[in-house]
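Visitor: I am new to this structure. Please show it to me, and then take a close look at a single part.

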Amino acid sequence: MNIKSDIQLTSFTDSISNSYSLVFFSKSRVFAVLILLVTFFDFYAGLSGLIAVLVSNLAAYAIGFNQSNIRSGFYGFNSLLVALGLGIFYEFTGEFVLILLFASLFTLLISVMLEGVIGKYGLPYLSIPFLFGIWMVFLAAREYTSLEISSRGVYELNEMYALGGKLLVDMHEWLYSLPLPEVIVLYFRALGAIFFQYHLLPGIIIAIGLLIWSRQAFLLSVLGFTSAWV
């Protein structure tokens, strides 16, 4: 019984970490932890993302979806992206949490639907559920006047100080004072923007995670970005 419980716990923790790293087609736990850290540069966005991953994976287990897919993070990563987007845009209130739970389950169902429709042809559905999920919620949320637009990001340095104290503020200012070429700055910001974090430091952390996981993946990310930039 203990062995079975350990297997179930391992499977569930894998489903959480893989929901983060699968955004980059990875199953590296180290990379997943770094991405999790990046999402919490905006605390409430990070918390929203974690709640969405937990809710989506728990619901997938409860309904009885394919356990291998759950463990791989297939049913969690799109909900994560939707929740991060909503968490950045709205204030974290009781009403928002209800919308977040609905959005997580809605995105999960879209993922399962597309898995059945597109997956039978051997094609990946990638982030299509994220696009459907976040735009459907944004359109519907206009009718909910109790949802408040977030003002976070207006006073960036104040928020950084609250998150990491003077050390984080000094690091932020030091990074932006470096004489880096524009293309490098944009590359790091583009990596951070995948998780709705638009600073240099989150992008640098993600780049380090890519290097730790796969130098080839890192080079491909550089190639993809510079191709679009050129």
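Which elements do the buried residues of α6 pack against?

Guide: The buried residues of α6 pack against α3 (43–63), α5 (77–89) and α7 (128–141). A word on the source comes before the details. This is a predicted model, in which local features need pLDDT of at least 70, side-chain atom pairs count only at pLDDT 80 or more, and totals for chains, interfaces and linings use all residues. Residues are numbered from 1 along each chain as its sequence is written, and side-chain values use heavy atoms, with hydrogens and water left out.

Now the helix itself. Helices here are DSSP runs (H or I, at least four residues), numbered from the N terminus. Helix α6 covers residues 94–117, 24 residues in total. From first C-alpha to last, α6 reaches 35 Å, close to the 34 Å expected at 1.5 Å a residue. That expected span is 1.5 Å times one less than the number of residues.

Next, its buried side. Buried means under 20% relative accessible area, exposed over 50%, and partly exposed in between (1.4 Å probe, protein chains only). In α6, the buried residues are F96, I99, L100, A103, S104, T107, L108, I110, S111 and L114.

One of these, L114, leads on to the cores. A nonpolar core is a set of buried Ala, Val, Leu, Ile, Met, Phe, Trp, Tyr and Cys residues joined through side-chain atoms within 4.5 Å. The largest nonpolar core has 51 residues. Inside this core, F24, L86, Y187, F195 and L210 have the most contacts. Helix α5 gives the most to this core, with seven residues. A second, separate core has ten residues, and L114 is among them, along with A60, I70 and Y75.

F195 of the largest core deserves a look too. Contact means heavy atoms within 4.5 Å. Leaving aside neighbours within four places in sequence, F195 is in contact with Y20, V23, F24, I35, T39, L81, L84 and I206.

Then comes F196. F196 lies in the loop between α9 (182–193) and α10. Its phi is near 60 degrees, a positive value in a residue other than glycine. F196 counts as buried because its relative accessibility is 17%.

F25 sits in the loop between α1 (2–21) and α2 (29–39). F25 has 61% relative accessibility, so this residue counts as exposed.

How values were computed: Helices (H or I, at least four residues) and strands (E, at least two) are DSSP runs, numbered from the N terminus.
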